[in-house]
Amino acid sequence: MATVIPIETADDPRLADYVGLREASLRRLLETEQGIFIAEGSTVIRRALEAGFPARSFLLAERWLEGLADVLDPLDVPVYLVSESLAEQVTGFHVHRGALGSLYRVARHSVADVLAGRRVMVLEDLVDHTNVGAIIRNAAGLGWDGMLVSAHCADPLYRRSIKVSMGTVFSLPWARLDAGVPIGPLLREAGFRVAALALRDDAVELATFAGSLGPDDRLAVLLGTEGHGLSRSWVASADAVVRIPMRAGVDSLNVAAASAIAGYVLA
């Protein structure tokens, strides 16, 4: 049974997992060293636990104790009970959902697991955690089977990514690629057609490319970083370069928005 421990001061060492949650560089170091991630909000905490991630501790405002009692009671972990003002002092932001959990990272899927699917999104070096979380939510909601992220892509288990994904990061199979992996050969050897979403003069319009897909085709869509898009090597590795037609002098969409449109049309 979880042990409820009231905490009165922000510098209590037992709250170390929750310090400076807005400081991305600090969090990357801490969470990598400790092998943990932070789940924010009761819905996300439930989804993380249901997916099998082991809990390390929780930080809750008192009003959340009763609502989470059913998932907390079976766990042999500390529940740190704090005021909402104290939670803000510790984390560095207003924890408006009033509930945080520290959970252990578990590699639930391999690259091979993801490549067993029929429709896969592949992210190259995205730096914005919000975009990564939104793409995960889009892929899950539109029925895609999984996602691969490059070695230097933003962390899908960073707090902001998890929050924006609405916890679908725990249900959508995903895995991180090794640095330098030749993406085209990897995907084609697994039986995929590879489409790079990029701006190029010879790019095929999305609807046209969708019409070229057969009922049994397996498809991987490559999505590039927010500033410069896909690297030349990743674009060159694709079987087709695809674009979303634009109007009014706009050349492209935010990568998360583009993933939603492409994900819907190509599902």
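Strand β9 pairs with strand β12 (residues 240–243) in the parallel sense, and three bridges link the two; strands count as paired if DSSP finds at least two bridges between them. Strands (E, at least two residues) and helices (H or I, at least four) are DSSP runs numbered from the N terminus. This is a predicted model, in which local features need pLDDT of at least 70, side-chain atom pairs count only at pLDDT 80 or more, and totals for chains, interfaces and linings use all residues. Residues are numbered from 1 along each chain as its sequence is written, and side-chain values use heavy atoms, with hydrogens and water left out.

**Strand β9 and its partners**

- Strand β9 covers residues 192–197, and because five of its six residues are buried, the strand is largely enclosed by the rest of the structure; buried means under 20% relative accessible area, exposed over 50%, and partly exposed in between (1.4 Å probe, protein chains only).
- Strand β11 (residues 218–223) also runs parallel to β9, and five bridges join them.

**Two residues with positive phi**

- Most residues other than glycine have a negative phi.
- Met 166, which is not a glycine, has a positive phi near 55 degrees; Met 166 sits in the loop between α7 (159–164) and β8 (174–176), and its relative accessible area of 30% makes it partly exposed.
- Ala 248 likewise has a positive phi near 55 degrees; Ala 248 belongs to the loop between β12 and α11 (255–266), and it counts as exposed, with a relative accessibility of 79%.
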